[in-house]
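Dear colleague,

Please find the structure below, together with its sequence. A short account of the findings follows it.

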Amino acid sequence: MAVVVNKLIPEFEASATSGVKVTQQSHLGQTLVLFFYPKDNTPGCTTEAMQFRDHYADFTQAGAQVFGVSRDNMKSHDEFKAKLELPFELIADTEEKMCHMFGVVKNKIMYGKKVKGIERSTFLIGPTGVLLQEWRGLKVPGHVEEVLKAVKLLKKAA
């Protein structure tokens with residue numbers, strides 16, 4: 001079942017770094033920011049993760065929990081998280097369950113070959129588990145600030 005803006009997100013269960021389990025129920029009452037990215041240790045993904053890191057205090061102050069999501073395994077995530085000193089957890093979606101649920105798996109052309117990849121996307125989920133906003137196929141510059149602005153507006157409205 002795919003996610004739809006202004007609807008409850010479907011049930012899911014995922015494993016994140018630091019032994020954290022993430023489910024649809026585990027973060028009710030909190031605003032969730034899930035950012036999906038193609039691959040650990042690639043230039044765009046590193047920049048995006050560092051920007052979320054650099055604004056992390058602002059996100060938590062505004063009441064949001066941030067998670068990065070990719071198809072990389074836990075070992076890769078642990079190394080990426082340590083290398084960049086990321087204060088948030090990374091979800092290892094090795095079976096692509098969350099990627100398919102959020103509809104971020106896309107066909108891409110890489111070096112002239114058709115490959116299945118992750119479309120860089122971010123989702124804002126409200127405290128009741130409803131998907132409030134989505135950013136799909138985005139560019140990294142200015143994106144984290146835009147998501148933070150949406151989170152702050154949500155807090156202000158609460």
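In this predicted model, C45 is buried, with a relative accessible area of 1%; that value falls under the 20% below which a residue is called buried. The residue is of interest on account of its annotation: an unreviewed UniProt entry places the feature "active site" at C45. Within the fold, C45 belongs to helix α1, which covers residues 43–54.

Leaving aside residues up to four places away in sequence, C45 is in contact with Y37, P38, K39, F80 and R120.

Two further residues deserve a note for their backbone geometry.

The residue N6 is not a glycine, yet it has a positive phi of about 70°. N6 lies in the segment that precedes strand β1 (13–15). With a relative accessible area of 58%, N6 is exposed, because a residue counts as exposed when this value is over 50%.

The residue E85 also has a positive phi, of about 55°, and is likewise not a glycine. Its place is the loop between helix α3 (74–84) and strand β5 (89–92). E85 is exposed as well, and its relative accessible area is 65%.

In summary, the annotated position C45 is buried, whereas N6 and E85 are exposed.

Yours sincerely

Conventions
Residues numbered from 1 in each chain as written. Predicted model: local features only at pLDDT ≥ 70, side-chain atom pairs only at ≥ 80, totals over all residues. Heavy atoms only, no water. UniProt positions renumbered as here; feature names shortened; annotations may be inferred. Helix = DSSP H or I, 4+ residues; strand = E, 2+ residues; numbered from the N terminus. Buried < 20%, exposed > 50% of the residue type's maximum accessible area, 1.4 Å probe, protein only. Contact = heavy atoms within 4.5 Å.
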